Number of protein chains: 2
Amino acid sequence: MTDSLALDGTGPLHEQIRRAVCAPIISGAWQPGRRVPSEHELMALFGASRMTVNRAMRTLADDGLIVRRRRTGSVVASAAGDRAVMSMGSIRAAVEAGGQVYSYESLARHRARATDDIAGRFKIAAGTPLLNLSWRHLADGRPAALEDYWINLAAIPEAVDEMFDTVPPAEWLATRLPWSKSRYVVTAVNAGAAMAKLLDLEPGIACLKVDRRSWRDGVPATFVTCLYPGTGHALTGEVAPP
Amino acid sequence: MTDSLALDGTGPLHEQIRRAVCAPIISGAWQPGRRVPSEHELMALFGASRMTVNRAMRTLADDGLIVRRRRTGSVVASAAGDRAVMSMGSIRAAVEAGGQVYSYESLARHRARATDDIAGRFKIAAGTPLLNLSWRHLADGRPAALEDYWINLAAIPEAVDEMFDTVPPAEWLATRLPWSKSRYVVTAVNAGAAMAKLLDLEPGIACLKVDRRSWRDGVPATFVTCLYPGTGHALTGEVAPP
DNA sequence: TGCGATTTGTACGTATGTATT
DNA sequence: CAATACATACGTACAAATCGC
């Protein structure tokens, strides 16, 4: 079994080795917990140096397919089941990917201090100065999403001077908060009267609601709620063996 | 600017170098497109070997923070915006994480041949033998989700003999289809009459619908639809700098 | 308790290949 | 064509963790 591993001769050697060891794992031939050949065994098997074998195995470990431990060796990681990931693109990208023309319009822009309600959801002190922005995104002129931004001015003071009349907040923030931590919560809600009117829907229609919070240096920076008509929008994701 | 990079002295050298280069990127000091010091410059800066510097930079590239190109060198990758990922755990894990007792009950199990409708959604030939399984997941005895499985018996023939009376299909499949490719589509739907009854809801309540398709060796293997009451369940995800 | 053996982790130096300007 | 900068690969060495005796 161990000896049935074979290189396919295409591409870099460390990639060939990675694929050779990956194959029986993703096929299920090697069940979780099963020991993977040691680096020395693979060196002998493939005639490669330890650095090269090590790189292949380290990549498999980074991808979560194996677990490595000193002395005891590497074993196949437990099944993938709950490692599914979904990518959430920008609204603009989603609209344009569908071949439609993207546009947006500002619904509101005002400063406020955090009420108890907002402060609770935002996990900040009541009274913190905030900037609230509401937008409607359009696809071919028809409502595609509502977006409600709360920006913590204590964390991003430079937002005060930005009118957001030429740049939507998502893009403006992308350059101020690159790679900041953020959390998403996706739920389904029934459209209320106001929401239905803005999205041009019947009240009660199911909508996707995506709440997103981001932090800058550990301080809550933005709180965004995005609403999509249930029909006509979907979050999609893919899981694939590395 | 380039010279302000500094090691923190903790942990492996390649990790220190990675962090040192990572810091100005995630802080926004180095905007997308900005050139990252070459491996030779970093060798001189930190007094490390090229192998070590290379490993640090390769890791940053794997994580998507920089883009590496021959001759022109590495540059900061464009902003993270649309790289958000959401992990989708199993229903059992979600229920138990909330401190509730998980249970499930089978609603149906029967063999069928793919109708045109199913064949179209499943992307298989009409008439293909299928196994259909329906489940209701319970949290503390109350309906928490409905799950509807279609298993392609042409792809997973051994499923015919499995009654799934002791193991739910998700767990049974995890050992047959480890790491198989799968795609998710999340939408919001209004509960229909049957759905509302099974989930103990008022008809029309918004629900999250998660469709998942998986493949084995490129052949469609399973098609799963999972429905959650909009209130009481959410998909959550996190994005964090690597 | 300690000690040696095994296995992975890290880091070095070096060499050659390859894509791009 | 030459120079640059990354990509791959070899060999080596020592360190750290851990298991069995």
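## Exercises on a predicted protein–DNA model

A polar contact of 2.5 Å joins the side chains of B:His137 and B:Glu147; a polar contact is a pair of N or O atoms within 3.5 Å, where within protein one must be able to donate a hydrogen and the other to accept it, and residues adjacent in sequence count only if both atoms are side-chain atoms. This is a predicted model: local features need pLDDT of at least 70 and side-chain atom pairs pLDDT 80 or more, while totals for chains, interfaces and linings use all residues. Residues are numbered from 1 along each chain as its sequence is written, chains are lettered from A and ligands numbered from 1 in the order written, and side-chain values use heavy atoms, without hydrogens and water.

**Exercise 1.** Determine the setting of B:His137 and state whether it is buried or exposed.

*Solution.* 
- Step 1: B:His137 lies in strand β5 (residues 129-139) of chain B; strands are DSSP runs (E, at least two residues) and helices likewise (H or I, at least four), numbered from the N terminus.
- Step 2: With a relative accessible area of 5%, B:His137 is buried (under 20%; exposed is over 50%, partly exposed in between; 1.4 Å probe, protein chains only).
- Step 3: Leaving out residues up to four places away in sequence, B:His137 touches, among others, B:Ile91, B:Tyr102, B:Arg142 and B:Glu147 (contact: heavy atoms within 4.5 Å).

**Exercise 2.** Describe the protein surface near DNA strand C and its phosphate contacts.

*Solution.* 
- Step 1: There are 23 residues around DNA strand C, of which A:Arg50, A:Arg68, A:Arg70, B:Leu13 and B:Thr52 come nearest (near: a heavy atom within 4 Å).
- Step 2: This surface divides into 5 nonpolar, 8 polar and 10 charged residues (nonpolar: Ala, Val, Leu, Ile, Met, Phe, Trp, Tyr, Cys and Pro; charged: Asp, Glu, Lys and Arg; polar: the others, Gly among them).
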